[in-house]
Amino acid sequence: MSYNTSAVGSGSRNTTRTFEFGRTHVVRPKGKHQATIVWLHGLGDKGSSWSQLLETLPLPNIKWICPTAPTRPVAIFGGFPCTAWSDVGDISEDAPDDLEGLDASAAHVANLLSTEPADIKLGVGGFSMGAATALYSATCRILGQYGNGNPYPVNLSAIVGLSGWLPCSRTLRNRIERSDEAARRAASLPILLCHGSGDDVVAHKHGEKSAQALSSAGFRNLTFRSYNGLGHYTIPEEMDEVCNWLTTRIGLDGPRS
């Protein structure tokens, strides 16, 4: 699936980028379908890597959708192309955000969720850049629109971010404070953030600062978990935390025999 996005270039000319998303892998629920979560991989990875892990989790009521990001030049790799949900040149609060790429990826996620039944709870999760994109989707839901101003169409019930960061953190609080509805949504949306203290790719401080920025912007239903010595990967203890948190926050039934 592709998305065309237009951005105003120099003078009066418009430039258009087309994002071609890769293969989507689906893990169907083994029990009663109660929730659907789109799970987003990290930089240079693909959806199948996570679908294999998610299929083993004791969450029989969740349908997992694992898309694959477009292949694009990435500045942090000197312009070398790889799968990425957006362009990124540096992971820091002061680095510029690729709003065009973030909007395209958030729209792709929303499109994947838009055909789910009305009684199914919806969520977005991810690892590393996938976690950043999940958090960006959360802010779009809270504000009711993408960064380009187009309306955001999906009601999200849960957000999970592992070893990631929060895009557009500098302006989030001011944007939410301008809207009572956005503030109400922010206060109620459950978010779980997990980060390893030994992460040498996305430093633990970025996870902490992201949690602080969300909290100061009014996200009151926020859980932040640190894992001592954990690097830029996941471990069973972390996934156990994800399972327990999702079961509690979404209100899932227990495993069925």
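**Salt bridges across the chain**

Glu241 and Arg225 join their side chains in a salt bridge with an N to O distance of 3.1 Å, the term standing for a side-chain nitrogen of Lys or Arg within 4 Å of a carboxyl oxygen of Asp or Glu. This pair links distant parts of the chain, since Glu241 belongs to helix 7 (residues 236-250) and Arg225 to strand 11 (residues 222-227), 16 residues apart; helices (H or I, at least four residues) and strands (E, at least two) are DSSP runs, numbered from the N terminus. The model is a predicted one, in which local features need pLDDT of at least 70 and side-chain atom pairs count only at pLDDT 80 or more, while totals for chains, interfaces and linings use all residues. Residues are numbered from 1 along each chain as its sequence is written, and side-chain values use heavy atoms, with hydrogens and water left out.

In total, the structure holds 7 salt bridges. In another of them, the side chains of Lys63 and Glu116 meet at 2.9 Å, N to O. Because Lys63 lies in strand 5 (residues 62-66) and Glu116 in the loop between helix 2 (99-113) and strand 8 (121-127), this pair ties together parts that are 53 residues apart in sequence. Lys63, at 13% relative accessibility, counts as buried, and Glu116, at 12%, is buried as well, where buried means under 20% relative accessible area, exposed over 50% and partly exposed in between (1.4 Å probe, protein chains only).

Asp97 and Arg170 also form a salt bridge, at 4.0 Å, N to O. Asp97 is partly exposed at 28% relative accessibility, and Arg170 is partly exposed at 48%. Finally, salt bridges link Glu181, Arg184 and Arg185 in a network.
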